[in-house]
Amino acid sequence: MIGKLIDVPRRAVAGLGAALVLACAVLLAAMTDSTMQPLPASAPSGEFSAARARTHLERFATEPRPIGGAAAERARNYLVAQLRAAGLDVEVQRAVGANASSGLASFGLVRNIVATRRGDDPTGTVVIAAHYDSAAMGPGVSDDAAAVAAMLETVRALGDAPLRNDLVLLMSDGEEDGVLGAQAFVREHPLGRAGGVLLNWEARGVSGPSLLFETSRDSAGLVEAYASAAPRPRGDSTMAALYRLLPNNTDFTPLTAAGFQGLNFAYIERSSHYHTAGDSLANLDPGSLQHHGSTMLALTRALGAADLPALRTDHDATYFRLFGVLITYPDALVWPLAGLAVAAVAGLAVVARRRRLLSVPRLVVAAVSGLVPLVVSALLAQGLWELLVAWRPAYDGMGGLLHRPDAFRAAVVAQSALAVLAWYLLLRRRLGPAALAVGGLAWPAALGVLCAAVAPGASFVFAVPVLFCALGGLVALLVGRPPAAAAALTLGAVPAAMLLSGLARVVLDGMGLALGGAAALVTALLALLLLPLAELPLRELPLPGPGRSTGRRYGRGAPVRGLRPALMVLIVPVLIAAGLADDRFDARNPGRTHLAYVMDAGTRTASWVSADPQPPAWTRRYVTARDTTALPPGYARGTTLWTGPAPTMDRPAEPRLTVLRRDGETIELRVSAGRAARSLTLRIERPITEATAVTAGAAPVTVRVAGARANTWPGEVRFRGLPDAGARITLRVQGADKVRITAIAETDGLAAVPGFVPRPPELVPATREDGELIAITRTYVV
């Protein structure tokens, strides 16, 4: 009982045909997931034009716009003027936003732009949201200026056409520092507490289609509206289901927590430029801007005319694309579909057993042992990343998001395929091809059931491929005729090739090679599903005894030894070498380096600081050793800092801290950072449990804090965009009569430091939040 599911007379032709069909399916999936063709400025006035939207980017998105900076003010003035010229009612909400994480309280003086347009007969409010601030390291053209420009172009394209529902455009501030603007909007603004339908727009790269990657709960009605209104809907519910399990957040998070129903969109390709100077106009894919804007305009029109309460549902929807069509169904079908996939696998096993192609013990061993190539694939991918970082330490600071990763991605795929192939060839004679083919379906089928329980929106990506593969196998066995049987197996594998290859691409785009094990796992699952097709070019195994076989034999076929697995392994080092040769840093695709200037105003000593594991030559002109003893108390974060002596600055922006009150664990402070500084950070040598911030003209805000900061003093308070007049900060500090607090005034850029030489074009500032800063510190004992 070690037979093949089917055997065919022209094995090589059948195998090649199946490979071509699957290759075409993968190519079709990639093509249908592409962006849109950008429209020129001469496009009809009622359509969205990426060229027209780009003109706005040229006006306000050519420089970094961190919260509280002069560039943010210039951008805000431009956006307000454009919205008012379009006839909207515009206000600028000034408030303190707040957020908390482990050991950290984050505050920021935000200025949200809120523009409204009243509907003719409103059933509710449609809120379009994006943030106009950027990370301090780059102009943030994609993250998130492109969406803001799309909002302006959408308003223009709408013109005077009536909308039934109220429309609100929220251009938030302080998203990059912990969704501070959105948090202030829902806490203090009447429209933030009124609820409605939310369309939020983001980016984590500079290219790719605009993906629906997150939904609020019970959003089936909104998903159906998106599927029918969007010109080219992209994304699937796997992303939404998995995103809910991650700690990541955007403005979508506080808004939906406040009661908004919503959809969240982003493009994520070429993410090596994310949060760097490379997020620029030169790198923006106009097709991504067009896709963002065309979707935004279509949904604004559709939802602006809809009966919004009628879109409310009490369930989620599964949605995904197959053959270019967006398929949706309610979550009530998730469990039946997962169960049907399991039943189809069981049915295939029963038929194969009755035809004496496998035995139950061999099937069980095959299914259980299928875990081995899955685990090995993931470990090999993670090992590949460690190897790349060891060979090229600069990769470590890129978080796995490389400029030219294609060869490395191919190596991940090759490793996974080889892991499954090695497992298969080792056990083929012992367990039989049919047992391995049917047993290989067990793990994706089990994942379909597991996801149905914990992440229902992701269940389809396993259940649907398993169902079709198992049905293809059943048809092949029942039909019997070799050509038809081979066609059934091949067609049954097409959904697996399309869905799982697409998932692997998204995982690599979103997570990068640093978490390549996730993509490797998906690839290995796909390889398990395709095992029956791998059998097509191979001949039947002989049964014990001379002249005996497990069934009909059609010619010689291709013996297993003809595959030369040992030679195939060489493809991995070849791909790695090709990747290292191709992915070199240059002015268009620069490397990253971290550097900060730190001066203790009390001792008048200054240091250069870098967190690079292996600083490049430019950085090494400033840092020389791993000695942090000269740094101010509490400043050092991490154990791998490089430092070097630096010149002192005359009259830098210096922090000031005055104790207003001390009552046990409660400490009330007046803090300021100096006129030139944009932000202030307080490092506290004991954990904090609560922090309150008060500034003139804004309501006080309190956050509770749990846990402690890692690898530095346990308590920290940040205030981004601190006004010149400062703020009043009240802390609850655990224990001790005396507490040291180091205040750090932070100014963007290093050009003011005497003797500073700018980076060469092949280097940009790293994304670490304390980089590219002049940090002037003073330590106080309270």
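## Close-up views of ring pairs, a pocket and cavities

**View 1. Surroundings of R720.** Leaving aside residues up to four places away in sequence, R720 is in contact (heavy atoms within 4.5 Å) with I67, F107, G108, L109, D177, R678, S679, T681, E746 and E769. The model is a predicted one, in which local features need pLDDT of at least 70 and side-chain atom pairs count only at pLDDT 80 or more, while totals for chains, interfaces and linings use all residues. Residues are numbered from 1 along each chain as its sequence is written, and side-chain values use heavy atoms, with hydrogens and water left out. R720 belongs to strand 19 (residues 715–720), where strands (E, at least two residues) and helices (H or I, at least four) are DSSP runs numbered from the N terminus. With a relative accessibility of 8%, R720 counts as buried, a term for under 20% relative accessible area with a 1.4 Å probe and protein chains only.

**View 2. The stacked rings of Y622 and F756.** Among the 16 aromatic pairs of the structure, Y622 and F756 have ring centres 5.9 Å apart and planes at 25 degrees, so this pair is stacked; rings of Phe, Tyr and Trp (its six-membered ring) pair if their centres lie within 6.5 Å, and planes under 30 degrees apart count as stacked. The two residues are 134 residues apart and link distant parts of the chain, Y622 lying in the loop between helix 23 (617–620) and strand 13 (642–645), and F756 in the loop between strand 21 (740–748) and strand 22 (763–765). Y622 is buried at 7% relative accessibility, and F756 is likewise buried, at 16%. Both rings belong to a cluster in which ring pairs link Y597, W608, W618, Y622 and F756.

**View 3. Arginines over tyrosine rings.** The charged end of R204 sits over the ring of Y274 at 5.2 Å from its centre, the criterion for Arg being CZ within 6 Å of the ring centre and within 35 degrees of the ring normal. R683 lies over the face of Y635, 5.8 Å from the ring centre.

**View 4. The second largest pocket.** This pocket, an open set of points on a 1 Å grid with protein on both sides within 12 Å along at least five of seven lines, has a volume of about 1,200 Å³. Its lining, made of residues with an atom within 4 Å of a point, comprises 36 residues, of which V413, A417, L526, A527 and L530 are the closest to the centre. Helix 14 (406–431) is among the elements that each supply at least two lining residues, and helix 14 gives the most, 10 residues.

**View 5. The largest cavity.** The whole structure holds six cavities of 30 Å³ or more, a cavity being a set of points where a 1.4 Å probe fits but cannot get out. Strand 16 (679–684), strand 19, strand 21 and strand 23 (773–781) give two or more residues each, with the largest share, three residues, coming from strand 19.

**View 6. The second largest cavity.** About 80 Å³ of space lies in this cavity, whose lining includes L5, L348, A437, L441 and C469. Helix 17 (460–479), helix 18 and helix 20 are the elements that give two or more residues to this lining, and helix 18 gives the most, with three residues.

Methods:
Buried < 20%, exposed > 50% of the residue type's maximum accessible area, 1.4 Å probe, protein only. Phe/Tyr/Trp six-rings, centres within 6.5 Å; stacked < 30°, edge-to-face > 60°. Points joined across faces, edges and corners; volume = space filled by probe spheres on them.
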